[in-house]
Amino acid sequence: MVKAVDSEETEVFLPKNLKRSEKSINSAPEGERGYPAGVKYIVGNEFCERYCFYGLRSVLVLYMTMAAQVQESNAVVIMHGFIATAYLTPLLGASLSDGHIGKYKTIISLSIVYSFGSLILSYSSLAETARPIRLSGLFIGLLLIAIGTGGIKPCVSAFGGDQFEANATEQIQSFFVIFYFAINAGSVLAIIITPLLRDYGCPSGGSQCSFGLAFAIPSALMLSSVGILILGNLVVGYKQVTPSGTSPFARLLRVRFLTGTPKKITDPELKGNESFGGGGGEACTKYGKREAEEVKQVLKVIVLMSPLPLFWCLFDQQSSTWVIQASQMDTSIGAWKILPDQMQMVNALLILIFLPMFDRVVYPMMTYFGYPLRPISKMILGMAIAGIAYLAAAGVQMGIDTCPPGDHCVHILWQMPQYVLITAAEILVSVTGLEFSYSEAPKSKKSVMQSIWLLTVSIGNFLVAALEVGLVMLSVRASIGFVVNASLMALAIIWFAAVSHGYDYYQDPNNQADPEQPTV
């Protein structure tokens with residue numbers, strides 16, 4: 001299904017010697033095309049969960065301003081606080097899954113929390129509900145949803161990857177493409193259907209809109225996602241990697257910042273680690289060479305990911321600055337009008353087209369002509385394309401600025417090039433990065449790495465807010481603001497190229513138990 005790769009390139013995607021059968025249970029049978037049979041249940045679970053999240057999110061601001069009677073500015077603050085929390089709680093999910101109860105139990109337990117939150121929000125949004133109850137339900141529901149959706153984020157994709165054997169590199173890459181497709185398919189349908197349900201019975205708007213119905217359908221999908229995952233476990237079973245028994249973040253910090261009297265390393269197996277863990281090799285001596293090497297690998301990837309918040313800073317402005325730009329444009333196509341916030345659908349629809357196109361056409365073609373793209377090269381190229389997208393947006397804004405006051409003389413379809421470019425950038429950076437953060441993580445720290453990947457999204461959203469405040473304070477024109485964003489992307493490319501120079505793709509040559517590794 002995916003691009004042809006040579007034997008050298010396969011090591012990019014997953015350690016060849018990773019034996020997930022070790023410390024695993026429920027070795028699942030193979031399904032169609034040699035895929036583990038449990039994968040389809042995991043993909044179905046993700047589709048339903050993403051439908052729920054994007055369905056609730058698509059009408060949330062209108063619910064707060066129209067039905068809950070929250071001021072617009074406060075609604076925006078609540079909305080961004082909710083999203084920021086949803087991208088911070090993956091740290092909780094990663095700690096639970098890799099350190100204590102495993103991925104499957106973490107997904108199930110936090111999905112139940114998620115379901116309760118969506119049901120509370122749905123119930124409190126019924127038309128006859130008093131405002132105090134609506135507000136209480138709003139805050140309690142959103143908190144539970146943020147904990148649930150964020151907590152399972154680093155677990156589901158890693159859990160799907162765990163179902164494959166270590167040498168199934170092409171299948172694993174294919175799985176992440178399908179997984180990302182499911183995310184976007186769920187979001188597209190949710191953004192199309194949920195506003196229509198909300199609008200049922202109130203075409204002119206108002207507090208009597210069917211918000212209860214709009215929230216109820218996503219809630220039902222969330223309950224379905226839990227049922228699908230449980231059904232897969234009952235029918236075919238899943239491979240489940242045994243958790244370490246301690247918080248992976250606490251262990252990571254203990255190993256990295258271990259202090260004490262330096263000890264001379266005499267064991268040749270520990271050579272090369274003398275300077276790690278506070279000097280003198282204490283980390284290797286106390287925790288074993290394998291654990292020290294795994295922590296080194298995690299820290300190495302964290303450094304590599306450090307420029308990525310700048311990419312998300314640009315990417316996530318589709319729902320803010322690009323919508324504002326669209327509101328200044330001619331939105332009519334004959335007798336039909338495109339709403340400014342509907343243009344965001346272009347990205348989600350293009351993703352569904354671009355995913356198979358890049359997977360089956362672009363990447364194989366590059367390999368055929370002798371230019372195979374490895375993950376780091378893909379991400380650098382994606383960042384460059386994102387910067388070009390913002391230069392295109394700047395050009396559109398300059399055209400808008402030449403229009404007479406009150407005259408929308410630039411058509412909204414002129415935004416299409418920037419949406420095409422930012423979607424191509426998303427394929428190259430986001431899809432690749434999702435797979436990269438899994439493949440480059442040691443077996444015991446995969447959810448940790450997924451949560452760190454998601455943390456870059458959270459930081460990127462904070463950067464958006466800080467950047468906008470700065471541009472407003474300096475009275476910078478919108479067109480110049482887009483150029484500033486493109487310049488930030490150029491900085492990110494230089495930064496990323498510097499930290500990735502000489503990066504060695506991860507392999508785990510000592511996957512079997514380390515007899516010298518102490519139990520902590």
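How close do the axes of helix 3 and helix 6 come, and at what angle do they cross? The legends below take up this question first. All views show a predicted model, in which local features need pLDDT of at least 70, side-chain atom pairs count only at pLDDT 80 or more, and totals for chains, interfaces and linings use all residues. Residues are numbered from 1 along each chain as its sequence is written, and side-chain values use heavy atoms, with hydrogens and water left out.

**View A. Packing of helix 3 against helix 6.** The axes of the two helices come within 9 Å and cross at roughly 160°. Axes are lines fitted to C-alpha atoms, for helices over the stretch in contact, and angles run from 0 to 180 degrees between N-to-C directions. Helix 3 and helix 6 are therefore roughly antiparallel (an angle over 145 degrees). Their crossing is left-handed, meaning that the near helix is turned anticlockwise from the far one by less than a right angle. Residues of helix 3 that meet helix 6 include Tyr104, Ile107, Tyr114 and Leu121, while those on the helix 6 side include Phe215, Met222, Leu229 and Asn233. Contact means heavy atoms within 4.5 Å. Helices (H or I, at least four residues) are DSSP runs, numbered from the N terminus.

**View B. Serine 125 in the loop between helix 3 and helix 4.** Serine 125 is buried, at 2% relative accessibility. Buried means under 20% relative accessible area, exposed over 50%, and partly exposed in between (1.4 Å probe, protein chains only). Leaving aside neighbours within four places in sequence, serine 125 is in contact with Tyr63, Arg134, Phe211, Gly212 and Phe215.

**View C. The salt bridge between aspartate 162 and lysine 103.** The structure holds 4 salt bridges, each a side-chain nitrogen of Lys or Arg within 4 Å of a carboxyl oxygen of Asp or Glu. In this pair the closest N and O atoms are 2.9 Å apart. Aspartate 162 belongs to helix 4 (residues 131-162) and lysine 103 to helix 3 (residues 90-124), so the bridge ties together parts that are 59 residues apart in sequence. Both aspartate 162 and lysine 103 are buried.

**View D. The salt bridge between lysine 239 and glutamate 165.** Here the closest N and O atoms lie 2.2 Å apart. Lysine 239 is in the loop between helix 6 (211-235) and helix 7 (248-256), and glutamate 165 in the loop between helix 4 and helix 5 (169-199), so this pair ties together parts that are 74 residues apart in sequence. Lysine 239 is buried at 5% relative accessibility, whereas glutamate 165 is partly exposed at 38%.

**View E. The salt bridge between aspartate 401 and arginine 477.** The closest N and O atoms of this pair are 3.2 Å apart. Aspartate 401 lies in helix 13 (residues 375-401) and arginine 477 in the loop between helix 15 (446-473) and helix 16 (478-500), 76 residues apart. Aspartate 401 is partly exposed, with a relative accessible area of 32%.

**View F. The disulfide of cysteine 403 and cysteine 409.** The structure holds 1 disulfide, defined as a pair of cysteine sulfur atoms within 2.5 Å. The sulfur atoms of cysteine 403 and cysteine 409 are 1.7 Å apart. The torsion about their S-S bond is about -85°, so the disulfide is left-handed. Cysteine 403 is buried, at 11% relative accessible area, whereas cysteine 409 is partly exposed, at 44%.

Note on methods: Angles under 35 degrees count as roughly parallel, over 145 as roughly antiparallel, 65 to 115 as roughly perpendicular and the rest as oblique.
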